[in-house]
Each structure stands twice: as structure tokens, then as C-alpha cells.
Amino acid sequence: MKKNKKILLIGPVYPYKGGISHYTGLLYRALTKRFQVKMVSYKMQYPKFLFKKEQKDFSNDAFKVEGTQYEIHTANPINWILRAWKIKKEKPDMILIQWWHPYFAPCYYIMSLFFGKTKLLYLCHNVFPHERFFLDKFLVRLVLKRGDYFILHSKMEAKELLSIKKDAQYKVNVHPTYNVFQFQNMSKEKAREILGRGREEKLLLFFGFIRPYKGLSYLLKAMGILKRQEKLKKRKLLIVGDFAGTRREYENLIEENEIGEEVWIKDGYTPDREVEPYFAACDVVVLPYESATQSGIVQIAYGFEKPVIVTNVGGLPEVVEHKKTGFIVEPNNPKALAQSIDNFFEGQWGERLKKNIQAEAYRFSWDRMADVVEGFISSS
């Protein structure tokens with residue numbers, strides 16, 4: 001296949017940590033099947049005073065993109081101008097930028113002024129940030145109004161985009177599946193052996209950074225309700241994530257609900273090569289979010305063919321079909337969440353939902369995402 005079109009892809013990629021970095025690496029692979037793609041990432045992503053933890057993880061190069069140019073310094077205006085001129089001289093047919101936070105607005109806005117007539121596609125993980133702040137809408141409007149095309153992962157995100165750019169040309173495409181964490185194709189039995197969990201246990205998994213909007217408190221209260229109803233027989237909750245100094249408040253909830261024997265915590269960042277046992281071992285992944293745009297955790301779960309229990313917020317109902325690929329429950333409602341957990345296990349839904357997830361493979365594929373990009377580049 002002759003690759004006539006040239007795309008320049010900007011965003012975080014290995015060794016930078018996090019879901020968007022993983023996403024960029026997988027997107028690069030999908031696009032290189034059809035286009036000439038050059039990967040440009042950051043020589044400095046966040047200044048240390050804003051992001052004090054380690055930003056890079058060299059332990060897993062599964063997402064590595066050979067030939068990546070680490071050249072953008074997000075806090076250096078002179079760098080923005082020089083790098084933008086260099087990009088323009090390379091004459092790409094399209095520049096594709098990963099967008100998720102207004103911190104990057106000054107950098108991308110100034111760079112876009114020097115891109116000339118090159119078409120600019122923003123792939124928006126969030127139009128506005130999860131945690132809003134003064135001037136965030138101004139910053140988002142400033143940079144996104146210069147975009148020619150947009151890809152979003154939910155209808156809610158599309159609505160937010162149209163609130164700042166009424167004539168935006170966009171496509172809504174569900175977040176593709178992260179199906180690259182199966183380094184050993186680990187069985188459930190092997191994973192439980194590694195984690196020290198019993199084969200007969202019914203395991204729920206809460207995974208990812210612990211933030212208030214992710215609703216872990218409601219899940220702990222739901223576990224308490226099930227305990228009082230004597231419905232926690234062999235049902236255990238694995239909490240795997242970085243508490244960022246908030247662990248004590250959740251430990252208090254565990255004590256209050258008397259579920260210390262039913263909850264197991266692994267605090268801290270989980271390197272990519274250590275993700276597999278937790279998803280392989282569990283029966284269902286729970287996302288009790290108070291708010292959301294979309295979630296890469298759902299797509300990691302689907303990559304392991306695991307069903308999910310999610311709340312009816314943001315874009316989650318667009319990627320989870322009730323009683324087909326998971327359960328959807330109302331947010332901020334421990335009783336409803338407890339009932340859903342009980343229904344999942346009592347109704348033995350696991351295998352039925354797994355088969356439906358397998359059947360939805362193309363909908364969540366990277367090939368489908370590449371189809372959307374190809375549609376934009378063909379029309380430009």
C-alpha cells in the first residue's frame with residue numbers, strides 16, 4: 001500500500017507515563033499502516049512545580065515509538081516558535097495533536113500561528129479539564145478555535161466543543177481498546193496465585209489514580225451495605241491506584257463500614273508490566289464515577305475481555321451497553337451500586353458479557369480510529 005499522505009503526530013509517548021501516552025503509541029501504530037507518520041513529543045511535558053511525581057517510566061517499552069523527536073518544551077515560548085517553523089518546513093498534510101488540558105493552550109496556540117495552512121486535527125480526550133479552574137474556558141477556546149477538525153470520545157464532549165466553536169467539524173468515536181497489557185496471556189488462576197487470592201473469590205477491581213470524582217467512597221459504602229445484608233460472601237474488592245495522600249480518608253470509610261477483611265489495597269503507581277495480574281484476576285471492573293468524559297480504564301478492562309459496572313455519567317454510557325458489555329447504575333448512589341454488584345454475581349453475568357465484548361471488537365478498534373482520521377485527511 002502506497003502511503004501518500006504525511007501526518008505529524010504531537011503528544012506524550014513512551015517513556016512518559018499514563019493512559020494518554022499509551023494511547024498515542026497505539027494510535028501511531030494504527031496510522032503508520034496507512035500514512036507516513038512522524039512522532040513529535042516533549043523534551044519537557046510539565047514543570048516539576050506543577051507535577052511533582054516522576055513523569056517517566058522506562059520499565060516497559062511496549063509502547064515505544066522508534067524515531068520519536070522529543071523536542072517540544074511546553075514552558076519555553078522560543079522553543080514553540082522554532083519547533084513550529086521546523087514542522088511547517090516538513091510540509092505534513094495534517095498535524096494531529098493530542099488535547100486534554102488547558103496547561104498546553106499557550107504552547108499549542110503559539111505553535112499553531114506558525115503552521116501556516118496545514119490542516120490541524122485535535123484529538124480531544126477532554127475538551128475541558130475534569131477539575132475546572134478560573135480562565136480554563138478562555139484558554140480552551142483560544143487554542144481549539146484554531147483547529148480545523150476534531151475527534152472526540154463522547155457526545156458530551158461534542159456538546160462542550162460546540163459551546164466554544166459552533167461550526168466545528170468533528171466526529172465522535174469511542175475510545176479504542178487498550179489490548180496490549182497481556183504480556184503473558186495470564187489465566188485467572190495464575191493471576192490469583194500471583195496476588196495471593198483464592199480461586200473461589202468473587203473479585204471486584206477499582207483501578208487507577210484515586211481522585212474524588214472517581215467515586216471510590218460510594219463503592220466502599222456499597223460494600224458496607226452488602227456486608228450488612230450478608231451478601232459479601234467470598235466477594236472482595238481490589239483497590240489498585242495512587243491515593244496521592246488521601247488514603248487515610250478511605251481507610252476511615254473501610255473501618256466505618258467494617259469491610260477491612262473484604263478490601264485489599266495496593267497503593268501507588270502500577271508500572272505497565274504489572275497491570276496484567278489485577279485485570280486477569282478480577283471478575284468485574286467497577287467505575288463508580290461522580291463525573292466523567294470517558295475512561296481508559298473501561299478500555300483496559302475490555303482489552304482483558306472483562307465486563308464493567310459504571311455510573312451513568314458523561315461518556316461512559318456510550319461505551320458500556322447495559323446488560324450487554326456491563327452494568328450501568330445511577331451515580332452517587334451506594335444502594336443502587338450495591339444492588340448492581342449483587343445482581344452481577346447472583347445472575348452469573350460474567351461469561352455472557354464477555355462474549356458480547358468480544359463481538360464488539362471492531363467498534364473499539366484502532367482500525368476504526370484510523371478510518372476516522374483518514375476521512376478527515378481525505379477531505380482536506
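**Close-up views of a predicted model**

At 0% relative accessibility, cysteine 282 counts as buried (under 20% relative accessible area, with exposed over 50% and partly exposed in between; 1.4 Å probe, protein chains only). The model is predicted, so local features need pLDDT of at least 70 and side-chain atom pairs count only at pLDDT 80 or more, whereas totals for chains, interfaces and linings use all residues. Residues are numbered from 1 along each chain as its sequence is written, and side-chain values use heavy atoms, with hydrogens and water left out.

View A. The structure holds zero disulfides, a disulfide being a pair of cysteine sulfur atoms within 2.5 Å. Cysteine 124 is in no disulfide, and the nearest cysteine sulfur, belonging to cysteine 107, is 15 Å away. With 0% relative accessibility, cysteine 124 counts as buried.

**View B. Packing of helices α3 and α4.** Helices (H or I, at least four residues) and strands (E, at least two) are DSSP runs, numbered from the N terminus. The axes of α3 (residues 105-113) and α4 (residues 136-144) come within 9 Å and cross at roughly 25 degrees. Axes are lines fitted to C-alpha atoms, for helices over the stretch in contact, and angles run from 0 to 180 degrees between N-to-C directions. α3 and α4 are therefore roughly parallel to each other (under 35 degrees; over 145 is roughly antiparallel, 65 to 115 roughly perpendicular, the rest oblique). Their crossing is left-handed, meaning that the near helix is turned anticlockwise from the far one by less than a right angle; clockwise would be right-handed. Ala105, Tyr108 and Tyr109 of α3 meet Leu139, Leu142 and Val143 of α4. The residues of this contact comprise six nonpolar, no polar and no charged (Ala, Val, Leu, Ile, Met, Phe, Trp, Tyr, Cys and Pro count as nonpolar, Asp, Glu, Lys and Arg as charged, the others, Gly among them, as polar).

**View C. Packing of helices α7 and α8.** The axes of α7 (residues 216-228) and α8 (residues 247-256) come within 9 Å, crossing at roughly 15 degrees. α7 and α8 are therefore roughly parallel to each other, and their crossing is right-handed. Leu216, Ser217, Leu220 and Lys221 of α7 make the contact with Tyr250, Leu253 and Ile254 of α8. These residues divide into five nonpolar, one polar and one charged.

**View D. Surroundings of tyrosine 178.** Tyrosine 178 lies in the loop between β7 (169-172) and α6 (188-195) and, at 3% relative accessibility, counts as buried. Its C-alpha atom is separated by 8.0 Å from that of histidine 22, 156 residues apart along the chain. Leaving aside neighbours within four places in sequence, tyrosine 178 is in contact (heavy atoms within 4.5 Å) with residues including His22, Tyr23, Gln299 and Trp366.
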